[in-house]
Structure formats: C-alpha cells, structure tokens
Amino acid sequence: MLILDGKEVSNHVRTSLIPRIAAFKNKTGRAPHLAVVICGEDPASQVYVRNKKAACEKVGMTSTIHALREDITQPELTEMIETLNADEGVDGILVQFPLPKHLSTHEVLQTVSPLKDADGLTYKSLGYFFAGQPLVSPCTPKGVMTILKHYNINVEGMNAVVVGRSNIVGKPMAMLLTEANATVTLCHSKTKNLAQFTKNADLVVVAAGKAQLLGKDDFKKDAIVVDVGMHGSGQGGKLCGDVRFSELEGWAKAATPVPGGVGPMTITTLLENTCLLAEKRV
Ligand code: NAP
C-alpha cells in the first residue's frame, strides 16, 4: 500500500513557496502577511494560533496575532476585522474558531473580506468557490487535492465518495473532486447503508468526525482512502482518524495515515492561500 505522506507533500509545497515569497518581497519590499485574530484564552486555540505564526515565519512570511479579550463585544470584533480588511500591509486574515459563545461566527464569516480570506471559508469566498471562480479554496480539501496530485493520482472518471458534508471539509471536497472530473457521492449521518456507497468507490475521503468509523470491510480492494478525521482518542490516547488505518495494509492501493496525512497539509495550504492572495492583490 502506498502511504500518502502529508508531511512530505507539505515540505514540498513549503519549499515551493520560498521563491514566490522572495519574488513578492522584491516587488513590494515586504513579505506576505497573515493576521490571526483570537478571542479569549482557549488553550487549544492558542496553540493552533502560535503554530500558524511559526509556520508563516519558517517560510519567510510575516504574521501578527491579534489577541482579543474573552469579553470583547461583537461590534468591537467587527471593527477590528474591518481595520484589517482596510490595512494594505495585511494579505490574509484568519479568525480562530471557536469564538466565545456570545460572539457570532456568522457575522465574522460575513465581515472578513474575500480578498483576504486565507481560510477560504467566508460566505463570499464560498460563493466564488462554488461558482467555479475561487479566489482561494478551503484549506483542508485543497490540501487533499494537493496530496493526490503530488502522488500523480488522477481522479478523472473515478467513483469518489466523500463521507461528511460540512462547509469546511465535506461539501468543498465534493466540489473539488467534481471539478477534477470524478463522479462524486456525498454521504452523511442520514445516509442509509454507508458501506454500500464506500465499497463501490475508487476513492473515499472520510470526514465524519467519528473516530475509527471505517475499516477494511468498508472499502473495495485497491481503493484509495483519504482520512481527514482527527481525534485524540485512539489506543493509549494516541491521535487517530476516522479510518482504522492498520486494517488497510494489503487491501487499499493508497491511504493517508493519521497523524502525518491530511493534517500537515491544512496549515501549509493556509500559507499557500495567503501567498496567493498577496500575489493577487499586487
Ligand atoms: P463536522 O462539522 O462535525 O461534520 C461531520 C460530517 O460527518 C457531518 O456532515 C455528518 O453528517 C457526517 N457524519 C457524522 N457521523 C457520520 C456517520 N456515522 N456516517 C456518515 N456521516 C457521518 O466535522 P468537520 O469539521 O467536517 O470535520 C470532520 C473531521 O475532520 C473531524 O474529525 C475534524 O477534527 C477533522 N478535521 C481535520 C482537519 C485536518 O486538518 N486534518 C481539518 C478540519 C477537520 P450530518 O451532516 O448529517 O450531521
């Protein structure tokens, strides 16, 4: 079985960004800049935000963390985002979710300018994306497509199944596979007899958010299996995905492990999107 190594692909993409960032610097006198907004003290979010800043700096981009107090009001948060929208020195904006309960995710998704939406998840960005005119594509599904491309897996003509229909992963994943000429079935928690669909698929992308939901018996021989799931609840508290990866050896043609599969690509695609938005604006 071919292991689809997200760390390797991620390193490859990050290396390819370095000359693009250097060219941008030559042209503008500054590096592409990602502004990250975080509200409150959630420890996991703080780690994610620090990792994003460090990843930017490793490839030569710059990043600012705007750490806002937990009890910030909606108008204050909106004003902060609008300031970043208008700031010529900011190329990408990322608001870290989840927000404190009194704040509206919907309002944030309507406020961040699509020209600076590094995640590709605001309503306007998704509108352009689903209309086939993306400014940038949502990070996680785009990262999956980058992995497939890196390993020369051409999905054209394949029967593909996506398990999960969130706006962040499942729906845009189905869209990207459709655009790449796969025939796509989108499954979800109300799908009757999920295995009937997954077992007929050449490619299955699993993003159900249910630890170790699927195993060998759910896939046909020589299927390609991409596991987006991420859970800290595997054996011995180890990170695991939505797929029982150990069952796939000798059965699947190729698969992404967890950790080390789709996960590393999400942050890398955020860097790629920020660079792309910076290039588009100049
Ligand atoms: P989500 O918003 O909870 O969506 C889960 C989707 O899976 C829903 O559409 C749900 O159906 C469907 N589903 C749940 N149980 C199912 C079942 N038993 N059979 C079939 N479909 C089922 O989750 P998400 O944000 O898309 O994330 C999915 C997973 O990917 C999570 O584990 C998350 O941690 C992980 N993730 C990883 C990365 C990364 O960088 N690797 C990035 C984002 C997310 P309904 O719509 O009917 O409820």
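This is a predicted model: local features need pLDDT of at least 70, side-chain atom pairs count only at pLDDT 80 or more; totals for chains, interfaces and linings use all residues.

Visitor: In which sense does β5 pair with β7, and over how many bridges?
Guide: Strand β5, residues 159-163, pairs with β7 in the parallel sense, over four bridges. Within that pairing, Ala160 has Leu203 of β7 as its bridge partner.

Visitor: And how do β7 and β8 pair?
Guide: Strand β8 covers residues 224-227, and its pairing with β7 is parallel, with four bridges. Here Val206 has Asp227 in β8 as its bridge partner.

Visitor: Changing topic to the ligand: which residues come nearest?
Guide: There are 21 residues around the ligand, and those that come nearest are Arg165, Ser166, His188, Ser189 and Thr266.

Visitor: What distances do Arg165 and Ser189 show to oxygen atoms of the ligand?
Guide: For Arg165, a polar side-chain atom lies 2.7 Å from a ligand oxygen atom. For Ser189, a polar side-chain atom is 2.5 Å from an oxygen atom of the ligand.

Visitor: What about Met230: is it a backbone or a side-chain atom there?
Guide: With Met230 it is a polar backbone atom, 3.1 Å from an oxygen atom of the ligand.

Visitor: Now Asp91. Where does it lie?
Guide: Asp91 is in the loop between α3 (74-86) and β4.

Visitor: Does Asp91 count as buried or exposed, and why?
Guide: Asp91 counts as buried because its relative accessibility is 0%.

Visitor: Which polar atoms does its side chain meet?
Guide: A polar atom of the Asp91 side chain lies 2.7 Å from the backbone nitrogen of His33. The Asp91 side chain also makes a polar contact of 2.8 Å with the side chain of Arg281.

Visitor: Last topic, cavities. How many of 30 Å³ or more are found in the whole structure?
Guide: The search finds one. The largest cavity has a volume of about 90 Å³.

Visitor: Which elements supply its lining?
Guide: β4 (92-95) and α4 (105-111) each supply at least two residues of the lining. β4 gives the most, with three residues.

Visitor: How do the lining residues divide into nonpolar, polar and charged?
Guide: Eight are nonpolar, one is polar and two are charged. Among the residues that line the largest cavity are Ile93, Phe97, Val108, Asp117, Asp119 and Thr122.

How values were computed: Residues are numbered from 1 along each chain as its sequence is written. Side-chain values use heavy atoms; hydrogens and water are left out. On a 1 Å grid over the protein atoms alone, a cavity is a set of points where a 1.4 Å probe fits but cannot get out, and a pocket is an open set with protein on both sides within 12 Å along at least five of seven lines; lining residues have an atom within 4 Å of a point. Grid points are joined across faces, edges and corners, and a volume is the space filled by probe spheres set on the points. Ala, Val, Leu, Ile, Met, Phe, Trp, Tyr, Cys and Pro count as nonpolar, Asp, Glu, Lys and Arg as charged, and the others, Gly among them, as polar. Two strands pair if DSSP finds at least two bridges between them. A residue is near a molecule or strand if one of its heavy atoms lies within 4 Å of it. A polar contact is a pair of N or O atoms within 3.5 Å; within protein, one must be able to donate a hydrogen and the other to accept it, and residues adjacent in sequence count only if both atoms are side-chain atoms. Buried means under 20% relative accessible area, exposed over 50%, partly exposed in between (1.4 Å probe, protein chains only).
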